[in-house]
Amino acid sequence: MNKKFSTLMTMGLLAVGTLFGTANAQVSKTVNLLDDKVGDNYYYVGTTDGASFLKAVEVKNTNGSTYTSLDGTTTATSDVDYCLFKIEVVSKPGLTKDKLFRLKNKETGQYVTFKAGNSIDATNATSLSTISAGDNEAARATYVNTFSLPTTADYTNKEAEVTAGTGMTFIPFTGAPSDNTNQLSLAAGAFSVVAAGSGTALQFFGVADNEVFAVTLNNTLKNGFVFNSKDVKENIFAAQTVKAFEVTSSISLETAGYTIPAGTYFAIAYPKELANTSAIANADDFKKCTFIVADPATTVTGTADDRKAGKNFGFKTLAGDDFNFYTVDKDNAAYDAEKAPQGTQVSVHNAIFEVWTNKDNEYKYAIEIPNFYYKKAAGTDKPEQGVVKAQIASSKVDNVQTLMTTTGNTHNYIFTFGDAPVVKPIDLLNDSTASVYNIRFVSGDKADTEKGKYLTAGTYVSTTNTHNALMAVGSAVAMLEAPQYQFVISDVNVEDKLVTFMNRETGTSFVCNLFSTDDENVYYVASAKSGVNSAKFAITDMEKDGSVNYLTSNNELTGKTIELIAATVDKLAGFANRDENAGYTYIKFALDNVSNDNMYMMVRNVGTTTAPSYKVDKSTPKEGAADLFELVKSEKPVYYRNNYAYAKDGVPTIKLKGDTIAYYTYAIKWINPSLDDDTYYVKGDLTVATATKAENADQFVIRKNYDGSVSIVKKNDMFNGISNDVDMLNAEKNGNVSFASDVYTIAGAKAVKSFLKAEDLGASLAAKEQHAAFQTSLGGYMSMNSAAEGVVAIKTAADEDLTFWLDTADTKSVLPSFYLSKAAADPAQRMYMYYAVDSASYYINNPHYNIDTEHKMIIFKAATLVSPDTLATTVNGKAVNVAAKPDAAGTLGGLNYFRFQIFKLDNASDEYVIRCRENNLYVSNINGMLTLDSQDKALKVIPEEGMIPTDNESIDAESAVKVIAGNGTVTIQGAAGQAVKIATVLGKPVANEVVASDNATIAAPAGVVFVTVNGETTKVVVK
């Protein structure tokens, strides 16, 4: 196992509980300093009574370097690694005694250093850490840091032993033999260097074995472990992730003598109830598990004598309810051999394991079965049962290293924690774009768990409070295209293999380690944190009636299995992007979008008649009494940006503010044509007040919901994390309306939700270029008089004067608009119907166009249609362009006063109404003059096909010039040398030239065209 991973795993172990216990931490040892293997182990060095121990200390030299000196302690289990040393032999040829030994500390990795010669202070241990400025690192290195053997004539194995309980005096060797006149002293945890003959006898203590329990084992992979063994092919512990469970107290079963003993069990499958625990407290949960067991009937290899000794048996897996649970000791008088395991039955004891480690075998572990029940012999009806302490060992069978049990008390440290299949963060990253995922749970076993649900961020309401949280919601609720259900990888930690997922809409994030699985794009969440705490989520479920039920909260994300599904990203997804011509809407409150049990938002005067004050009041169940609102969209969207990580040339890189969410804001405009001022807007406190412009009014964000409803949210600090001070329009079943918090709460069918219900209008006139006359309900026709004023005229022989040219302005709109025009003397221009109250004309201040104090005339103005969104005209004699909004180049605003919608109020009727696009007022009649007014005063009209000429004409009856229309051509006869212009009925130039012959043919489009020869114009129809 690589060092980095081992370190991470050990850190995880220590985070749960101390890996190495304090009981019996030091084991008394007799150590032969000349043994070739003496340097393989770590030792404590202490007094023979085990009351005091040497402890390394790190000292900073005056030149900035550090070295290791000594101190004393009575608690060697505190800062354990500072109290552990390895023994190394050093040869010093030429000395009387050339075998010297030095100590290397485990924690510092350095040898213990002593000052040279007799300058060592025999009474002050601090002198060992006092290196003068003149003693540089190189000079100190010349001193051999050793402990010498006793002063004897020669070295024998016996003389090289440091005996347990007796010990040996340790002498610091610092140069020539004559220099070694001091000894080490250690008493009551105090260390010093003393004069020869007064030192303390010290001995070596070995490290104790320490048992590792279930919680610690499981923490290595956050919810389980893998045990590898070098070169072992048949390792059942490494075949799958194993989870350890602790039965802390024996569980009695129904029948006397049958129990589930306390101990550590290894499970490869377990019920969801045990997903977030390492303990089993009842028999039902135990019996739902599948465990690894020592097979009592099958040996891997070996002789009959081996079998009788309990050696070389193999392993298998067994369901928890298939054990023999008879656990009465056979030496007990109540023991019944008939109840004991028979044949291939497996005693529950065979599933109880102990795991051991020690400081000599860090990252290595031994496995033991404390009570292995097995068959001593085969082929008998009642084979003799054996019980032994079995160590797990490995041996070659047919040249394959195989795991098996064996007897004996020697732990076999052959296991290491397997490297987990940790996902490299870069494998989840795109090369240049954001990596955005829908996260779907695949763990769990039924609907009331997380299985099949999608992770999102929101709020859920408990009986006492509103909680901000990650949530798991069903596919019937999840809007996978919306950013609230999408997570972007915002950061990665390559070294620790950590991935940060951030909810794109709310900013809620969690950091996790992921392990790969056998399924593509499916991962096991090994660890997950939100800030410093573990990441938790609430589980929701959709009931049969469509309501959302919050099942459980505080579910650990750690231990779950998820699928990462690449999400489809649209920066405007999840938010309303209403068409510019979407029209008016009712704001409806209902349980769903199909119910007839609806309430509609309305505005009431809560002031007086003389001093009105308007406010959104209690809703009405009558659509006819409800108010209409226009949602005035902001000119530009608001952008919210997240960081994201991507793989640049194979290296994870952070793109700052690169992941974009966009949403438009809306002013909620109250439509009340009876008021002089039509710029009333709803505010966040539900009052209704005027604003000079929509952008000056309170702004709202419209979020789409899964069931077609919307959340109308007052824009404060959207996306600054989930915040309860972000307010949403709410209604109760009794019709009361308010702005309340919990904008991110997922509402079920039992909750009242908001819907946008478009104004219920009939069909529009077909959105195509056409000619039409409009017969009114008064009996006459809409027309233009000689003063270019809109009037209702009687039908005369001059039917062509009643014909309007209709050009489409916005064919893709729900309710398209038209330009209505009449022919002009110049075919390149026409007279466009226009409501004279905007900045493009001086008519607004001209009293001639006032019908009365409240109404102004509809007039006709000469203009040229440059494009569907631009007219060219003149204002005060100056040529200008008119568009919907003015710009810095001199284009004037007010184009929507030229645009009119033509539609039926009711599809059951043949009559249409005409509404101005700018102010949504309707063409109406006052004493034969056309103006705009409210819907109830709208002029009803029936469109008729326009009276457009169909016969070819001459320029003049007595003229020699003839104009003849053909198939795609116009022929002009008798006009050699004269200027000829041809234009379509919509004013588009076709030709402008001087013809060279008396029989000139010019290409022209099919339909009515105007042909002008020397200023005289005629109309012909080209086929």
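# Getting to know this predicted model

User: What is the relative accessible area of Glu563, and how does Glu563 count on that scale?
Analyst: Welcome! The scale calls a residue buried under 20% relative accessible area, exposed over 50% and partly exposed in between (1.4 Å probe, protein chains only). Glu563 falls in the middle class, so Glu563 is partly exposed, at 21%.

User: Where do the numbers come from?
Analyst: Residues are counted from 1 along each chain as its sequence is written, and side-chain values use heavy atoms, with hydrogens and water left out. Local features need pLDDT of at least 70 and side-chain atom pairs count only at pLDDT 80 or more, while totals for chains, interfaces and linings use all residues, and the source is a predicted model.

User: How many helices and strands does the chain have?
Analyst: Helices (H or I, at least four residues) and strands (E, at least two) are DSSP runs, numbered from the N terminus. By that reading, the chain comes to five helices and 74 strands.

User: What share of the chain's residues is buried?
Analyst: The chain has 1023 residues. Its accessible surface, from the Shrake-Rupley method with a 1.4 Å probe and, for residues, only the protein chains shown as cover, is about 45900 Å², with 47% belonging to carbon and sulfur atoms. The buried share of the residues is 50%.

User: Which residue does Arg440 meet in a salt bridge?
Analyst: A salt bridge needs a side-chain nitrogen of Lys or Arg within 4 Å of a carboxyl oxygen of Asp or Glu, and the structure holds 15 of them. Arg440 is partly exposed at 26%. In this pair the N to O distance is 3.3 Å, and the partner of Arg440 is Glu563.

User: Where in the chain do Arg440 and Glu563 sit?
Analyst: The pair links distant parts of the chain, 123 residues apart. Glu563 is in strand E39 (residues 561–566), and Arg440 is in strand E29 (residues 436–441).

User: Which strands hold Glu556 and Lys536?
Analyst: These two form a salt bridge with their closest N and O atoms 2.5 Å apart. Because they belong to separate strands, the pair ties together parts that are 20 residues apart in sequence: Glu556 in E38 (residues 548–556) and Lys536 in E37 (residues 536–542).

User: Which side chain makes a polar contact with the side chain of Ser185?
Analyst: Ser185 lies in strand E12 (residues 182–187) and is buried at 13%. Contact means heavy atoms within 4.5 Å, and beyond its neighbours within four places in sequence, Ser185 touches residues including Phe191 and Val194. At 3.3 Å, the side chain in question is that of Thr200.

User: What is the bridge partner of Gly46 in E14?
Analyst: Five of the five residues of strand E3 (residues 43–47) are buried, so E3 is largely enclosed by the rest of the structure. Strands pair if DSSP finds at least two bridges between them, and E3 pairs with E14 (residues 201–207) in the antiparallel sense over five bridges. In E14, the partner of Gly46 is Gln203.

Conventions. Polar contact = N/O pair within 3.5 Å; in protein donor to acceptor, adjacent residues only side chain to side chain.
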